[in-house]
Amino acid sequence: MNASLLLLLPLLAWVAWMFWRARPQVQPAELRSALQTGTAVLIDVREPAEWHATGTVRDAALLPLSDLHGSRHQWRAFLEKHRDKRLFLYCQSGSRSALAAALLRREGYDACNAGSLAALEQAGWPLSHKRP
């Protein structure tokens, strides 16, 4: 086996793992049901510039991942208020929401990756372009 192939295999494995990790952990019907019963909240973990550029899912909480990793100025009160609820997180591709969900699960929250904005839109979730 040549050296370039030995370098390529771990890279391909890492890329495959990232795609696998970014997959949604919830089906749209389960998500819709949990939100309608009030047992869950939907959170957009993208950054404010992305919210302005592409819109957001209507009624989603807008809490950037950078704040979750940083001071938690916005996240702290939200997490305290919704401690007993399931947290469904989404982003542009599902990767950042997977990271955020994993972090929150390690802290004891019931957090789940809801995937990407595009997937939610395809599943019929209404978008809002008038926020924030």
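How many nonpolar, polar and charged residues are in the lining of the largest pocket? The lining has 10 nonpolar, 1 polar and 3 charged residues, where Ala, Val, Leu, Ile, Met, Phe, Trp, Tyr, Cys and Pro count as nonpolar, Asp, Glu, Lys and Arg as charged, and the others, Gly among them, as polar.

## About the model

This is a predicted model, with local features needing pLDDT of at least 70, side-chain atom pairs counting only at pLDDT 80 or more, and totals for chains, interfaces and linings using all residues. Residues are numbered from 1 along each chain as its sequence is written, and side-chain values use heavy atoms, leaving out hydrogens and water.

## The largest pocket

Let's start with the pocket (on a 1 Å grid over the protein atoms alone, an open set of points where a 1.4 Å probe fits, with protein on both sides within 12 Å along at least five of seven lines). Its lining residues, with an atom within 4 Å of a point, number 14, and Leu35, Leu42, Arg58, Asp59 and Trp125 lie nearest the centre.

α2 (28-37) and β1 (40-44) each supply at least two lining residues; helices (H or I, at least four residues) and strands (E, at least two) are DSSP runs, numbered from the N terminus.

## Charges over rings

Arg32 lies over the face of Trp125, 4.3 Å from the ring centre. Likewise, the charged end of Arg83 sits over the ring of Tyr109, at 4.1 Å from its centre. Here, NZ of Lys or CZ of Arg must be within 6 Å of the ring centre and within 35 degrees of the ring normal.
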